[in-house]
Amino acid sequence: MIKVFFGKDSGLINRLALNEIQSKKIEPIKYDGYKDTVSDLVNECRSLSLFGEKKTVLFSNAYFLSTTKGNKNPIKEKDQDYKSLLIYFKDPEPDCDLYLLVIGSLDSKNELVKALKELPADFQEVFDLKDDDFLSLASKRAKAVGGDIDREAVKLLNEYCYSDYSLFINNLDKLLLYNKHVRTDDVKLLVNKPLEDKAYDLASKLLNNNIKSALKSYQELRQNGWDGLALISTLANQFKFMALTKFLISKKYNNDEIASELSSKSSKVKSSKIYYTRKDIQNYSFQQLLNILCRLGDIEKDIKLNNDSVDERIELFFLSFR
């Protein structure tokens, strides 16, 4: 048997696959597509079990089956024997159950995927959890340790974790160790706010002329170990978002329409964020926001090419923002 789990959330895919395998009271032999070649996988599936039992193999990060390709795969293509894997898919071992975990959508034009469909393999698409799913999950996990978590705390935790299953679970477990009765103050205290949100706060302070507060926030981020160039890049992304919002406002889009237009498969924009962005950029033109982006681009270039000081250039940018 070959079963393929695919979807966007790698942690959730892995959890569901393991739950199914472990429900059969089986411990799988694990391989990782980012570390192990397809030849390793085929050899494992073809080899006999030491105890003569049916074996179960779990192969995560099967990127070669996905339409979502990384910028640089860790294993060179010349080292991947896809032909042997294709042969195996057409004639799999009956005494081996193979689970393939794919991040993203399946590549329908891929010969390996076509072979799996002709077999036919068992396909299960894993859909992202919704807000109510995270609330139910958090409540059950808290109840299991004799605690509880309120709705607002779950909502904030989910925002901080970008609805990423593994990140959500790891932070939830940390919170429950700290306090079995989790509230929003606990989330704010123990869970790192995403860098994008911190950069958005910086941009908002600059646009509202809160320069001293912006400087203090930037210095705190640097003291906490955030990379200066990463901050510049993330800050530029926030101003890009604001510029796009300003452009769509000029086209008479309402908040819901702007949120929909600026959302992507990996990042959903809420209309409430557009509401606050409108307030931040109301005194700025589209061209002024583009000029800010150009200045940040020049700063990043000078740091990379001329070895300018990151902190000096950013702090000067803040002080001369107006």
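Modeller: Before the first question, a word on terms: helices (H or I, at least four residues) and strands (E, at least two) are DSSP runs, numbered from the N terminus. This is a predicted model, in which local features need pLDDT of at least 70 and side-chain atom pairs count only at pLDDT 80 or more, whereas totals for chains, interfaces and linings use all residues. Residues are numbered from 1 along each chain as its sequence is written, and side-chain values use heavy atoms, with hydrogens and water left out.

Biologist: At about what angle does helix α1 run to β4?

Modeller: Helix α1, residues 10–22, lies across β1, β2, β3 (55–60), β4 (96–103) and β5, where contact means heavy atoms within 4.5 Å. Axes are lines fitted to C-alpha atoms, for helices over the stretch in contact, and angles between N-to-C directions run from 0 to 180 degrees. On that scale, the angle of α1 to β4 is about 165°.

Biologist: In what order do the 5 strands of the open sheet stand?

Modeller: Two strands pair if DSSP finds at least two bridges between them, and the pairing in this open sheet is parallel. Because β2 (29–32) and β5 (122–126) stand at the edges with a single partner strand each, one side of each has no neighbour in the sheet. From one strand to the next, the twist averages 15°. The order of the strands is β2-β3-β4-β1-β5.

Biologist: How many residues apart are Lys8 and Asp128?

Modeller: A salt bridge here is a side-chain nitrogen of Lys or Arg within 4 Å of a carboxyl oxygen of Asp or Glu, and the count comes to 15. Lys8 forms one with Asp128, their closest N and O atoms being 3.4 Å apart. This pair links distant parts of the chain, since Lys8 is in the loop between β1 and α1 and Asp128 in the loop between β5 and α5 (131–144), and their separation is 120 residues.

Biologist: What is omega, about, for the cis peptide bond that joins Leu119 and Pro120?

Modeller: Pro120 is placed in the loop between α4 (111–118) and β5. Most peptide bonds are trans. For the cis bond between Leu119 and Pro120, omega is about -5°.

Biologist: Phi of Lys252 is near what value?

Modeller: Lys252 has its place in the loop between α11 (228–250) and α12 (255–262). Lys252 is a residue other than glycine, yet its phi is positive, near 70°.
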